[in-house]
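The following note concerns the charged side chains of the structure shown below.

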Amino acid sequence: MFAKLSAGVAMICLLSASALAQGAGKPTDPQIAHIAYTAGQLDIEAAKQALEKSKNKEVREFAQDMVRDHTEVNKQALALVKKLNVTPQDNDTSRGLTKQAAAKRDELAKLNGTAFDKAYVASEVAYHKTVNGALESTLIPSANNAQLKDLLQTGLKIFQGHQQHAEHVAADLK
Amino acid sequence: MTLRRNSLPVLVVISGLLSVSARAETIQVTIDKLVFAPAEVNAKIGDTIEWVNKDSLLHNAKATNGDWTVNLPPKQNGQVVLKKAGTIDYSCTFHPNMKGRIIVAPAS
């Protein structure tokens, strides 16, 4: 079980690393905006699946927190791109993240009860780690617009908070 | 008639309460972009800590010792009155990377 999970995590890291590398060079602001927005939407979808399947109070509360926070951040992101007159641009990284999330959703759909709860929370820890890594190493340094950079930096703090929150929930599920 | 006779002690009690609360201070801690500022405050028993949440996100302040949790909805304030001396560490349960500390001195 653990080996399977670790392999899954390693796979996600590899895929995102290669997805980020595929862009060859720095992503542009419209691409960065698209990646950040997509990352939030995917986490909302994962949380919605958890709300449909889980009966665990702590897991459900965590999922509700994810829906609430990511909805708010994406609302701000949309307001910003509108203000800056930027059209978010689909790209390999966004597509890679979306593909991985779909695979994870299918995998989680087969699980129930505690097995689902543990796998969902472990996936949330891994997902936030991956996104935080991308924000720190690529997205924030590549962002040209100061307001976009600022929003990404706040987003990073939120995501880091979510990662720690997910780690607490994972520890409680053990 | 009875009402009037009773009103004096009531007034005395009220002014007594007011003078006590006048000595106690309200210390503000701002939350901006997931940071408690100042991160550490010095207070005394009877003081009120007031968090001003400038974020559009729901936060809270939960004392590590379990004494209190103050809910802090987006763009709203929340308060707690300090009743015990000592160092209280607190954090936001939604974003555990948000941490703060209150050092409460005994009332002078």
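**Note on salt bridges**

1. Lys75(A) is exposed, at a relative accessible area of 55%, whereas Glu72(A) is buried, at 13%; buried means under 20% relative accessible area, exposed over 50% and partly exposed in between (1.4 Å probe, protein chains only). The two residues form a salt bridge with their closest N and O atoms 3.4 Å apart, the term denoting a side-chain nitrogen of Lys or Arg within 4 Å of a carboxyl oxygen of Asp or Glu. Lys75(A) and Glu72(A) are three residues apart in helix H3 of chain A, about one helical turn; helices are DSSP runs (H or I, at least four residues), numbered from the N terminus.

2. This is a predicted model, in which local features need pLDDT of at least 70 and side-chain atom pairs count only at pLDDT 80 or more, while totals for chains, interfaces and linings use all residues. Residues are numbered from 1 along each chain as its sequence is written, chains are lettered from A in the order in which they are written, and side-chain values use heavy atoms, without hydrogens and water.

3. Helix H3 (residues 57-84) also holds Lys57(A) and Glu61(A), four residues apart. Their side chains meet in a salt bridge at 3.2 Å, N to O. Lys57(A) is exposed at 61%, and Glu61(A) is partly exposed at 37%.

4. Across all chains the count is 12 salt bridges. One of them joins Glu45(A) to Arg105(A) at 3.2 Å, linking helix H2 (residues 29-53) with helix H4 (residues 92-109) across 60 residues of the chain. Both partners are partly exposed: Glu45(A) at 35% and Arg105(A) at 25%.

5. Salt bridges also connect Asp90(A), Asp92(A) and Arg95(A) in a network.

How values were computed
Helix = DSSP H or I, 4+ residues; strand = E, 2+ residues; numbered from the N terminus.
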